[in-house]
Every structure is written in C-alpha cells, then in structure tokens.
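Welcome! Please have a look at the sequence and the model shown here, and then we can walk through a few of its parts together.

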Number of protein chains: 2
Amino acid sequence: MATAENVTEPMASWDPYTRGCPSRDLLDQIGSKWAVLVLGELGKHGACRFTRLRQRLAGVSEKMLTQTLRTLERDGLVRRTVYPEVPPHVEYDLTPLGQTLRGPLRVLTQWSVEHVGEVLAARQEYDVRAEGTA
Amino acid sequence: MATAENVTEPMASWDPYTRGCPSRDLLDQIGSKWAVLVLGELGKHGACRFTRLRQRLAGVSEKMLTQTLRTLERDGLVRRTVYPEVPPHVEYDLTPLGQTLRGPLRVLTQWSVEHVGEVLAARQEYDVRAEGTA
DNA sequence: AGTGGCTACTTACCGATGGAGAGTGATCAG
DNA sequence: CTGATCACTCTCCATCGGTAAGTAGCCACT
C-alpha cells in the first residue's frame with residue numbers, strides 16, 4: 001500500500017466520517033454520477049477516445065465529460081494519451097490504480113441494476129401512503 | 001399509473017449507460033455523498049436517532065440529512081420509526097433491502113480509505129506537472 | 001479563396017442543487 | 001412565561017450541472 005514516500009502518513013486515521021477528511025472527498029468523487037460510468041466503461045472496453053466515450057455515456061455533456069476525465073486523471077485513476085495529429089486524437093484508459101476500482105464499482109452498478117425493481121416498487125408504495133396522509 | 005407489470009419486471013434491459021434509465025438515477029442516489037455515509041453508519045451501528053446521526057456524520061447540515069433520509073426511506077432502504085412522545089423521538093434503521101447494500105458500500109468506502117494516499121500523491125504530481133506546463 | 005468539417009475542448013449563461021443558520025410546534029421543568 | 005428538547009422546515013446565497021455556442025489547426029471540396 002505504501003507506494004508514496006514523500007506524501008502523507010500511510011493511513012493511520014483516514015475516516016470518511018470525519019469532516020474535511022480527504023477520504024470523504026475521494027469517496028464522493030469516485031461515487032459521483034459520471035465518474036462511475038466513465039470508469040466502468042473504460043474498465044469494460046479498454047482505451048477509448050473522447051467522442052466515443054461521449055456516445056457511450058448517453059446524456060453526458062462535453063463539459064462534464066471533460067471535467068470528469070480531468071479529475072480522474074489528476075487522481076491517477078485514468079491516463080490521458082495525446083497523439084499530436086490533425087484532427088486531434090486523444091485516448092483515455094485506466095491506470096493500474098484505476099483498475100483496482102473496477103471491482104467495487106462493478107458490484108455497486110450491479111446492485112443498482114438488480115434492485116431497481118424493488119426500489120421502484122418501494123417508491124410507489126411510499127407515494128401512495130404519502131397521498132393518503134396528505 | 002401503477003401497473004403491476006412494469007414494477008415486478010425482473011430486469012430485462014435496465015442499463016445505467018442509457019439516458020434516463022431508473023438504474024442510473026438509483027446508482028447516482030446510492031453513490032451520493034451523504035447516502036453512502038448514512039447507510040454505512042446505520043449498517044455498522046444499527047438503529048439511530050436523527051440528532052445522533054447528525055453528530056456521527058460530522059459536517060452534514062440538518063437539511064441535507066433530512067433530505068437524504070427521506071430519499072432513502074422512499075427508496076425502501078431505510079425505515080423510519082416515530083415514537084409519539086414529547087419531545088419527538090424518531091429512529092432510523094436499515095430495511096432488509098438496505099442491508100443488501102452494506103457489502104457494496106463497505107467495499108467502496110474501504111477502497112477510498114486504502115487508496116487515498118496514492119490519490120493524494122497522484123494529485124501532487126499532476127499539479128506539479130501542470131505548473132511546469134503553465 | 002473560401003467554406004465547411006473533423007476533434008477535443010472552452011466559455012458564457014442560467015436554472016437547479018447544496019450549505020448555513022434561523023424559525024417552528026409541542027410539552028414540560030423551573 | 002421563559003427556556004430547553006427534538007426533529008424538522010424555511011430562507012438566503014454560493015456553487016454546480018446542463019445547454020449551446022465558440023476556438024484551433026489542418027484538410028477536402030467548390
């Protein structure tokens with residue numbers, strides 16, 4: 001786990017339940033809407049260009065895709081490779097660190113797909129009860 | 001608009017990569033900042049009152065805690081129990097469906113705690129490179 | 001010569017979302 | 001009749017996300 005030497009302590013007291021802890025921010029980032037989908041897509045199909053990624057993640061705006069990729073790159077989860085051609089050619093793929101997130105995110109994604117029916121049902125039930133109360 | 005068929009449908013074609021798919025919304029919800037922490041906390045320590053929860057999730061505003069709990073309740077992940085006393089007494093705990101999320105979320109949380117050091121290091125490196133470029 | 005197209009972004013604008021903090025209602029202790 | 005408790009609820013403001021248009025460099029077509 002200790003790959004970094006000049007950085008902060010190995011782990012000691014990282015706790016997402018503490019205000020301002022970097023692990024909370026990180027948890028927020030990796031759990032965010034577009035980051036989950038970008039990482040999932042790159043994990044499944046390997047390296048991908050900007051426009052292709054944009055098509056795969058139906059509904060993402062260019063602004064958000066750029067922003068998400070920048071953050072992921074800065075966090076060392078995604079690698080950005082530029083081929084200096086015309087027209088521009090840029091490819092994105094997962095770093096080894098990004099690879100380690102594939103499992104956790106796949107599990108989460110699968111959960112949402114598997115249980116979305118139950119959740120939808122619960123919502124209807126809740127809404128009906130709420131109307132009765134109102 | 002509540003027909004039994006569209007609710008109990010097993011899964012068929014639910015895909016978070018599709019725009020407007022309920023599974024994408026759900027994935028977004030369960031991965032959101034406060035939902036992860038609320039579910040994690042209720043999963044670890046069991047039933048909890050509002051004020052106690054607010055203390056444990058250092059930094060959450062009352063508004064967001066209320067909102068998060070409402071959403072989680074509506075989605076059938078959290079149960080809200082009111083004891084009609086004065087002063088008010090409300091307890092929250094996980095439903096069986098909520099329990100099934102404990103695993104996936106614990107894995108994600110652990111990942112962020114374990115790898116936050118590497119990410120912090122990557123950020124520093126990125127920022128140094130960016131300054132050199134600028 | 002000029003127009004448009006390709007690709008990967010930026011930028012400007014605006015409505016939606018999230019956070020800080022004060023207010024609310026019911027009841028009882030003092 | 002003032003203050004305390006608990007779980008909200010409301011208001012105000014800053015930040016965020018989405019939409020759409022602009023940018024840069026080179027090429028093909030007219």
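## A histidine in a helix

Is His115(A) buried or exposed? With a relative accessibility of 14%, His115(A) counts as buried, because buried means under 20%. Please keep in mind as you read that this is a predicted model.

To find this residue, look along helix α6 of chain A, which covers residues 102–133. The side chain of His115(A) is joined to that of Glu118(A) by a polar contact of 2.8 Å. Beyond residues up to four places away in sequence, His115(A) touches Leu26(B), Leu97(B) and Thr100(B).

## The sheet of chain A

Next, let us turn to the strands. Chain A has an open sheet of 3 strands in the order β1-β3-β2, and the pairing is antiparallel. The edges are formed by β1 (48–49) and β2 (78–83) of chain A, each of which pairs on one side only. Between β2(A) and β3(A), the latter being residues 89–94, there are 6 bridges in the antiparallel sense. For one of the residue pairs, look at Val82(A), whose bridge partner in β3(A) is Val90(A).

Helix α2 of chain A (residues 33–45) touches β1, β2 and β3 of chain A, and its direction makes about 90° with that of β3(A). Helix α4 of chain A (residues 62–74) also packs on the sheet, touching β2 and β3 of chain A, at about 110° to the direction of β2(A).

## A crossing between the chains

Now for a pair of helices from chains A and B. How do α1(A) and α3(B) lie to each other? The axes of α1(A) (residues 22–30) and α3(B) (residues 33–45) come within 9 Å and cross at roughly 115°. The two helices are therefore roughly perpendicular, and their crossing is right-handed.

On the α1(A) side, the contact is made by Arg24(A), Leu27(A) and Asp28(A). On the α3(B) side, the residues are Lys33(B), Trp34(B), Val36(B) and Leu37(B).

## A glutamate in chain B

Our last stop is Glu73(B), which is found in helix α5 of chain B, residues 62–74. Glu73(B) has a relative accessibility of 18% and so counts as buried.

Which residues does Glu73(B) contact, leaving aside neighbours within four places in sequence? They are Tyr126(A), Val78(B) and Arg80(B). Thr95(B) is 22 residues apart from Glu73(B) along the chain, and their C-alpha atoms are separated by 9.0 Å.

Key:
Residues numbered from 1 in each chain as written. Chains lettered and ligands numbered in written order. Predicted model: local features only at pLDDT ≥ 70, side-chain atom pairs only at ≥ 80, totals over all residues. Heavy atoms only, no water. Helix = DSSP H or I, 4+ residues; strand = E, 2+ residues; numbered from the N terminus. Buried < 20%, exposed > 50% of the residue type's maximum accessible area, 1.4 Å probe, protein only. Contact = heavy atoms within 4.5 Å. Pairing = 2+ DSSP bridges. Axes fitted to C-alpha atoms, helices over the stretch in contact; angles between N-to-C directions. Polar contact = N/O pair within 3.5 Å; in protein donor to acceptor, adjacent residues only side chain to side chain. Parallel < 35°, antiparallel > 145°, perpendicular 65-115°, else oblique. Left-handed = near helix turned anticlockwise from the far one by under 90°.
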